Amino acid sequence: MREGLKKLSPKFLIECYKGLRYFTITMLFYIFRLIPIKKNRIVFMNVWGFGDNGKYVLEELVSRKKPYEIIFICNQPEHQEAPKSVILLKTNTIAAIKALATAKVWVESNQKEAYVRKRKKQFYIQLWHGGLALKKIEGDCAEYLGDKYIKRAKKDSRMTDLYISNSRFCTDMYRRAFFYEGAIKELGTPRMDLLLSVDEDKKHSTKAELHIPEDKKIALYAPTYRDTDDVSVYQMDYESLRQGFMRKFGGEWCIVIRLHPLVHNQSHELKLSENVIDASSYRDMYELMQASDVLITDYSNTMFEFAMTQKPVFLYAKDLITYQDERGFNFNYMSLPFAIATQEDQLEADIAAYDENVENSRVSGFFDSIGMKEDGMASKRVVDEIEKVM
């Protein structure tokens, strides 16, 4: 018997563990479905932590001081900073499974785990974390994601009662790419509420937390994720870049780098100079954007969101051909309303040639063409929808 166990590969044992764990979680979920739904319970989920769209909807909900039991489920609840009245639970724990099975409303920014089954009297609001997307997503790149993922996506869409959109373009994309036939309301993007606000106190507190002097301007470099652990693709001559911003816009500048959550633990591999700050582990991307004066990205949808503030956006995509062939885009990349560089010297030239009036005109025309609807009031509208159900 022992000899037989020794011959079992670690991979096989891991798969057995995963299978047993999934079976146990599934059984617990079905057991908890026998408990009556708690009519004042609202469960938010975001695997990455207390952030994204759910955070801003939750904060608006808490501000109304209604007798709701509000639960937020994420991977590392012990590291999150949520309002004191909110219950933080860890993903896939017994308490989290029970909360999901017995909540009146679910508010989600990603897809649900495969074991989740919605009950008849539960209401599921999908905020999604992508918003206006440059890259093709879900069903639009099914061959890239695989059959297992697409099957799960279709199941999630069948459970969803309401999708929240910010534009005619997103509404069409959700219908098509998410295989979704239910209700969609163009209420705006909750996380955009902070970006479109004039909350100077939040801006000051973000700078203070990053130890950035009030009089320094911020150029935020936020590249998207590649399917590789090699972070050298994000390396630049940051000091030369900083000097370019100083020459063009005046004043003192610093560069703040925010890598994708899937590679943020490797940011230490980048060679950073004195005026470059690594904010890859900072809790909220939208607080960083709100405090920044310029955004540099490549294929991230943050280009569209930041552009709504009428601040400069520069695209630096040195692997454009490869990345586009792998993922595919919803828009013609070279026709986007931003300066586009594939080499560092070209990026610096784009900064020197930046014309605020020209870019704002292009951006405005682009948003008009896709039916964009953002006014900084999205969270209020989403909470109104929640209260209708409650």
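This is a predicted model: local features need pLDDT of at least 70, side-chain atom pairs count only at pLDDT 80 or more; totals for chains, interfaces and linings use all residues.

Q: In what order do the strands of the open sheet lie?
A: The order is β3-β2-β1-β4-β5-β6-β7, seven strands with parallel pairing. Strands (E, at least two residues) and helices (H or I, at least four) are DSSP runs numbered from the N terminus, and two strands pair if DSSP finds at least two bridges between them.

Q: Which are the edge strands?
A: They are β3 (87-90) and β7 (183-186), each of which pairs on one side only. From one strand to the next, the twist averages 25 degrees.

Q: How many bridges join β5 to β6?
A: Two bridges join β5 (residues 123-126) to β6 (residues 162-165). Gln-126 has Tyr-163 in β6 as its bridge partner.

Q: Which strands does helix α3 touch?
A: Helix α3 (residues 52-63) packs on the sheet and touches β1 (38-45) and β2 (69-74), where contact means heavy atoms within 4.5 Å. Its direction makes about 165 degrees with that of β2. Such angles run from 0 to 180 degrees between N-to-C directions, with axes fitted to C-alpha atoms, for helices over the stretch in contact.

Q: And where does α4 lie?
A: Helix α4 (residues 94-102) lies across β1, β2, β3 and β4 (103-108), and runs at about 125 degrees to β1.

Q: Changing topic, which residues touch the most other members of the largest nonpolar core?
A: Leu-132, Phe-304, Tyr-333 and Phe-367 do, in a core of 55 residues. A nonpolar core is a set of buried Ala, Val, Leu, Ile, Met, Phe, Trp, Tyr and Cys residues joined through side-chain atoms within 4.5 Å. Buried means under 20% relative accessible area, exposed over 50%, and partly exposed in between (1.4 Å probe, protein chains only).

Q: What does Phe-304 touch?
A: Leaving aside residues up to four places away in sequence, its contacts include Leu-132, Phe-331, Phe-338 and Phe-366. A second, separate core of 25 residues includes Leu-270, Tyr-316, Leu-347 and Tyr-354.

Q: How many salt bridges does the structure hold?
A: There are 25, a salt bridge being a side-chain nitrogen of Lys or Arg within 4 Å of a carboxyl oxygen of Asp or Glu. In one of them, the side chains of Glu-69 and Lys-38 meet at 3.4 Å, N to O. Glu-69 lies in β2 and Lys-38 in β1, so this pair ties together parts that are 31 residues apart in sequence.

Q: Is Glu-69 buried or exposed?
A: Glu-69 counts as buried at 17% relative accessibility, whereas Lys-38 is partly exposed at 35%.

Q: What about Lys-112 and Glu-108, how do their side chains meet?
A: They meet in a salt bridge of 3.3 Å, N to O. Lys-112 is buried, with a relative accessible area of 2%, and Glu-108 is buried at 2% as well.

Q: Finally, where is Gly-371?
A: Gly-371 is in the loop between α15 (356-370) and α16, and is buried at 15% relative accessible area. Not counting residues up to four places away in sequence, Gly-371 touches Asn-166, Ser-167 and Arg-168.

Note on methods
Residues are numbered from 1 along each chain as its sequence is written. Side-chain values use heavy atoms; hydrogens and water are left out.
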